[in-house]
Amino acid sequence: MKWIAFKVGGRESFGIVKGDKIIDISAFFVESECPKSLVELIAEPEKLEHIMNQQETMNGSISLKDVQFLPAIVPPNNVLAVGKNYRKHVLEMGSVADIPEAIMIFTKSRNTLVGNRGQIPLHVDVTRELDYEGELAVVIGKQITNVTEDEAMDAVFGYTIINDVTARDLQGKHKQFYIAKSLDGTCPIGPYVVTKDAIPDPSKLRIQTFVNEELRQDGKLDQMIFPIATIIAELSKGHTLVPGDVIATGTPDGVGKGMNPPSFLQAGDTISITIEGIGTLENQVM
């Protein structure tokens, strides 16, 4: 299934995409039992099963072209993110000595979230080096702690796309990632959350990032230093993951900082990130 969060007619909701139509979540439940968000639904397996049993026989009533995309999912916690997870990206930003032996984890504030076609603020008052990073994101489907790599993928609900927009000068100034990666509006997410049954092997997916229609990033997810199962297992060690948690898995090479000379985002730039099986996340810098 392909899930969307949207706004139409002044009302916010979420639902399932079928072709060019949306089945609103309200079509499946009486008002008093209707989940208020995708995170709430994921946490209630019996309601999710109820939808799965009905959705094949239902048709959408809302046109995709009429809605405003909202962040595809708003996790209950900050977005978890993996740094330096593609060898070529590590090398374009540094050297062989920077290739990590253990997973590097940081978070992005939930204040950063913006939907497909939403605007990314340029933040000229605080940065001159705003950069893009196209990434696959994993959505956790159940509460887990201390799982093994063999158990990890069973905890996945689905996948989406993230643009891990980063202020490179702040990253260097503060010697850590949080501030540089948590400016308001710097985490586009979407356009959809696609359930894992539709993507049986995410390592076979291709990710491409375009800036103003110029191809900048072109990677395969099997190039990750730490694969998804390893990431989930490591994050769960002594740290509980809950339904709706979002994990960004790292970016391939081709970021603006790695170009010669570096090429940072400017007002009016459009960034499009495509992952096979999920769709295209597109946003403009303003």
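Close-up 1. Two or more lining residues come from each of β1 (2–8), β2 (11–18) and α1 (38–42); β2 gives the largest share, four residues. These helices and strands are DSSP runs (helices H or I, at least four residues; strands E, at least two), numbered from the N terminus. Sorted by type, the lining has 13 nonpolar, two polar and four charged residues. For that count, Ala, Val, Leu, Ile, Met, Phe, Trp, Tyr, Cys and Pro are nonpolar, Asp, Glu, Lys and Arg are charged, and the others, Gly among them, are polar.

A quick note for every view: residues are numbered from 1 along each chain as its sequence is written, and side-chain values use heavy atoms, with hydrogens and water left out. Because the model is predicted, local features need pLDDT of at least 70 and side-chain atom pairs count only at pLDDT 80 or more, while totals for chains, interfaces and linings use all residues.

Close-up 2. T249 is found in the loop between β17 (246–248) and β18 (270–275), while N85 lies in the loop between β6 and α3 (87–93). T249 has a relative accessible area of 1% and N85 has 0%, so both are buried (under 20%; exposed is over 50%, partly exposed in between, with a 1.4 Å probe and protein chains only). The backbone oxygen of T249 sits 2.8 Å from a polar atom of the N85 side chain. The side chain of T249, in turn, has a polar atom 2.7 Å from the backbone oxygen of L136. Both are polar contacts: N or O atoms within 3.5 Å, one able to donate a hydrogen and the other to accept it, with residues adjacent in sequence counting only if both atoms are side-chain atoms. Leaving out residues up to four places away in sequence, T249 touches V82, N85, Y86, E135, L136, V138, M224, I228 and I231. Contact here is heavy atoms within 4.5 Å.

**Close-up 3. Helix α6, tucked in.** Seven of the eight residues of α6 (residues 228–235) are buried, so the helix is largely enclosed by the rest of the structure. Those buried residues are I228, A229, T230, I231, I232, A233 and L235. They pack against β6 (79–83), β7, β11 (134–140), α4 (149–152), β12 and β17.

Close-up 4. The structure holds twelve salt bridges, each a side-chain nitrogen of Lys or Arg within 4 Å of a carboxyl oxygen of Asp or Glu. One of them joins D164 and K108, at 2.7 Å from N to O. D164 lies in the loop between β12 (156–163) and β13 (166–167) and K108 in strand β7 (residues 104–108), so the pair ties together parts 56 residues apart in sequence. Both D164 and K108 are buried. They also belong to a network of salt bridges that links K108, D131, E133, D164, R168 and K181.

Close-up 5. R206 and D218 meet in a salt bridge, 2.8 Å from N to O. R206 is in β15 (residues 206–211) and D218 in β16 (residues 214–220), so the pair ties together parts twelve residues apart in sequence. R206 is partly exposed at 34% relative accessibility, and D218 is partly exposed at 36%. E214 forms a salt bridge with R216, with the closest N and O atoms 3.3 Å apart. In this pair E214 is partly exposed at 39%, whereas R216 is buried at 16%.

Close-up 6. Most residues other than glycine have a negative phi, and most peptide bonds are trans. The bond from G190 to P191 is cis, with omega near 0°, and P191 lies in strand β14 (residues 187–195). Another cis bond joins N260 and P261. H123 has a positive phi, near 55°, and N212 has one near 50°.
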